[in-house]
Amino acid sequence: MFRLDWFRKDPSEKYRMGCGSSFDASDGPRTVVVFGSTGLLGGAIARRLLQEPFLYKVRCVTRRSSGEKARELAEHGAVIVNADLGETKSLEKALEGADIMFLTTHYWEEKNKEKEVIKGLNAIDAAIQCGVKHIIFNGSENVKKIIGKECNHLDSKSAIEEYIREVGNTTGINFTILRLPFWLENFYSVFKPHKLKHAVYAVALPLEGSELDVMSVEDVGEIVASILRRPRQYYGKTLNLSVESLSMENIVDTFNRHFDNRKFTDPKIRIKDMEKFQFPGSKDLAAMFEFYQSGQAVRDIKLTRKLNPHALTFDRWLSENRDKVEEALREAN
C-alpha cells in the first residue's frame with residue numbers, strides 16, 4: 001500500500017529556518033510562483049496573472065529556461081527560474097521571497113506515482129520553509145479508495161493533497177485545492193478523434209451512457225485570478241470545477257456541427273475495452289473513466305461560473321479551437 005509516511009516522517013515539524021517572504025513587508029505586487037508554467041495548466045495561469053503586473057509578479061519555474069514557451073512568458077514580463085521538483089535547494093531558490101505558489105505535478109513524464117508524490121512534497125516543504133503564505137494545488141480525489149482500482153495520475157495528486165492538509169493544520173499555511181474535470185484540450189491531444197475511414201472519425205470515450213464534466217484548461221487562469229482577488233474566502237477550501245456536463249451524444253453532435261466536411265461517430269467503447277489497450281497508462285485512464293462513471297467525481301458548475309463567468313462551453317471552445325482540432329485530425333490520417 002502507498003503511504004505518505006514513507007516519505008515524510010513528521011509533517012508537523014516546525015519550519016524555523018525560513019527563506020523569508022515579502023507578504024507582510026510590502027504593499028506592492030504579490031509574487032506568485034507558478035510551476036508547470038510551460039505546460040497547459042501552469043501556462044494558462046501564468047499568462048492570466050501576467051495581465052495584471054500591478055497586482056502580481058509572476059515567477060515561472062521551468063527546467064528549460066531557453067525553450068520557446070519560457071521565452072514567450074519572459075517577453076510578457078515573467079521572471080523565469082530554473083528549478084527541479086526533485087532538487088530541494090533549487091526549489092527554495094525559486095520560492096525565496098514568494099507570497100503564493102501554484103503547484104501542479106506531472107505523472108505522465110515518468111509514469112511513476114511515488115516519484116510524483118515525492119516531488120509534490122518537496123515543493124510544499126520548500127514553500128513552508130520559505131514562508132509562502134498561500135498554496136494553490138491541482139489535486140484530485142483518491143480513485144483507488146472510491147472504485148478499488150489504481151489510477152496513478154490521480155491517486156498521486158490525492159496523496160499530495162493529504163500532505164497539504166496535514167501541514168496546513170500543523171504549520172498554519174493557507175491552501176486552496178482545485179479539482180479539475182476532463183480538459184477540452186484533450187480533444188486535440190490524448191483523446192483526439194481517430195480516423196476510421198475517409199472523412200469518418202471516432203470519438204472514443206468510454207462513457208457508457210454517463211455524462212462527462214468538462215472545461216477548458218485555459219479558463220483555469222481566470223479562476224485562479226478570482227481566488228487571488230479574495231483569497232481568504234478560499235483558504236482551506238476544495239473547489240470542484242466544471243463548466244458543463246456532456247453525454248457522448250452531445251459531444252459527437254457538437255463535432256458534427258463544427259466539421260461539416262467530416263463525420264464523427266461514437267464507437268461505444270467500454271471501460272473493459274480500454275483496460276485491454278496496450279499503450280502505457282491505458283489501465284490508469286480506464287480507471288479514471290470508471291471513476292467518472294461512478295458519480296463520485298462531484299463538480300460544481302455554479303461555483304465555476306461564479307469564479308469565471310466567461311468560461312467556454314464545449315460548443316464555444318470548439319469554435320475558437322477549430323484550427324487546433326483540424327491539425328490534430330490531419331495528424332490522425
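These legends go with a few close-up views of a predicted model. Local features need pLDDT of at least 70 and side-chain atom pairs count only at pLDDT 80 or more, while totals for chains, interfaces and linings use all residues. Residues are numbered from 1 along each chain as its sequence is written, and side-chain values use heavy atoms, leaving out hydrogens and water.

**View 1. Strand 1 sits beside strand 2.** Strand 1 (residues 30-34) and strand 2 pair in the parallel sense over five bridges (to pair, DSSP must find at least two bridges between them). Look for Val33, which stands opposite Arg59 in strand 2. Strand 2 (residues 56-62) has six of its seven residues buried, meaning under 20% relative accessible area with a 1.4 Å probe, protein chains only.

**View 2. Strand 2 also meets strand 3.** Strand 3 (residues 79-82) runs parallel to strand 2, with four bridges joining them. Here Val61 stands opposite Val81 in strand 3. To get from strand 2 to strand 3, the chain passes through helix 2 (residues 68-75), and this β-α-β crossover is right-handed (with the strands pointing away from the viewer, the path from the first strand over the helix to the second runs clockwise).

**View 3. Helix 4 meets helix 6.** The axes of helix 4 (residues 113-129) and helix 6 (residues 152-171) come within 9 Å and cross at roughly 25°. That is why helix 4 counts as roughly parallel to helix 6 (angles under 35 degrees). Among the residues making the contact are Leu121 and Ile124 of helix 4 and Ile160 and Tyr163 of helix 6, where contact means heavy atoms within 4.5 Å.

Notes: Buried means under 20% relative accessible area, exposed over 50%, partly exposed in between (1.4 Å probe, protein chains only). Helices (H or I, at least four residues) and strands (E, at least two) are DSSP runs, numbered from the N terminus. Axes are lines fitted to C-alpha atoms, for helices over the stretch in contact, and angles run from 0 to 180 degrees between N-to-C directions. Angles under 35 degrees count as roughly parallel, over 145 as roughly antiparallel, 65 to 115 as roughly perpendicular and the rest as oblique.
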